[in-house]
Amino acid sequence: MNLYFTDRKYNLIDILDKNTDDITTTKISEIESIEDSDTQLEITIFFKKEFYKQASKICKVGNFILYKNRTGKDIFATIESFELTNNSVSINARSASIDLINEIVAPYSPDKSYSIAEYILRFTNDSGFEIGENAIPDKKLKLEEWTSEATALERILSVATRFDVELSFSFEISGLDVVKRYINISEKRGKDENVTLYANREIESITIKEDSYDLFTAIKPIGAIPEGKETPINLNNYKYTDPNGRYVLSGGILKDNTVVQEWSRLLSNENTNPTTAHITRYKEYDTDNQAKLFTMAMTDLKKYAQLNVNYDVAFYEFPTTVSIGDTIKTVTN
């Protein structure tokens, strides 16, 4: 894999690969995220001392990195930070440009229904990005007001959440020129084609990480302050009844009465199914609509009323046909 480093005018500074001795890349981590929509790069470069000046030119913050990844996809990233020593440099870069990461957009209240493309282009109007694939071109919504500032990236991710879709970035690169920058809109990224990977063949190791850092069993949401009012909204008078009895709304607090039976402070051999002594989270939301506040709180409760479980998988070989969002099966024994 060749990495092309350019300045902000796309003038070539250097081309690096793992086969050179003077300046060589020893680590390239490409981290794709559905939640954040972008691709993050972590690159470690080692160099001989006499090439310190060239290495310092390569890693300058704001420089661009261009390359094709393992699937042949064009990647274009901006260097966000680096750490330089006398013989190595660690670089962090992201595919979402500084125009989106550092640009601050103002609070905004839609006056009518708009398509998702219209919302996104409003918040990215001079960034060079345009709409690429769009799974919902005809859907229009009048979204709730954004009452605070946000980065352009945060705002368009908020738009995607409210339309219940996922975003991704892609690029068309010709030589060293980025000729097109796209924001793609998908209802759901990924596919399930019954791909199975096996231990000691494709899989080297699997590390399971589990923690309770974000766990809670009840949530008390606080919303924004409606126009003309002095206090933020809550769920104190909101009416909700779960037909299955699992979720209970009482006193403005939404509770999971199933999960609390495992995590209540009152759990004991004598009290095996407690429904009190919840782990309660207080959280603020950017909406002055009570129904929207309830939906947002319920979404978070369902997400965090369980342990965080993550699987770190090291591969000997990873199929080039598998992309972010795809479902794969693993056989470990």
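This is a predicted model: local features need pLDDT of at least 70, side-chain atom pairs count only at pLDDT 80 or more; totals for chains, interfaces and linings use all residues.
Residues are numbered from 1 along each chain as its sequence is written, and side-chain values use heavy atoms, without hydrogens or water. Local features need pLDDT of at least 70 and side-chain atom pairs pLDDT 80 or more, while totals for chains, interfaces and linings use all residues.

In soluble globular proteins, nonpolar side chains tend to be buried together. A nonpolar core is here a set of buried Ala, Val, Leu, Ile, Met, Phe, Trp, Tyr and Cys residues joined through side-chain atoms within 4.5 Å, where buried means under 20% relative accessible area (1.4 Å probe, protein chains only). The largest core holds 34 residues, of which Tyr 119, Ile 120, Val 159 and Phe 169 touch the most other members. A second, separate core has 20 residues, including Leu 41, Ile 45, Ile 79 and Val 89.

Phe 169 is in contact (heavy atoms within 4.5 Å) with residues beyond its neighbours within four places in sequence, among them Ser 37, Lys 73, Ser 95, Leu 100 and Ile 156.

Phe 169 is also one of the residues closest to the centre of the largest cavity, together with Ser 37, Thr 39, Lys 73 and Ser 95. A cavity is a set of points on a 1 Å grid over the protein atoms alone where a 1.4 Å probe fits but cannot get out; lining residues have an atom within 4 Å of a point. The largest cavity has a volume of about 80 Å³, and 15 residues line this cavity. The second largest cavity, of about 50 Å³, is lined by Lys 191, Glu 193, Val 195, Thr 321, Val 322, Asp 326 and Thr 327. Volume is the space filled by probe spheres set on the points, which are joined across faces, edges and corners.

Note on methods:
Buried means under 20% relative accessible area, exposed over 50%, partly exposed in between (1.4 Å probe, protein chains only). On a 1 Å grid over the protein atoms alone, a cavity is a set of points where a 1.4 Å probe fits but cannot get out, and a pocket is an open set with protein on both sides within 12 Å along at least five of seven lines; lining residues have an atom within 4 Å of a point.
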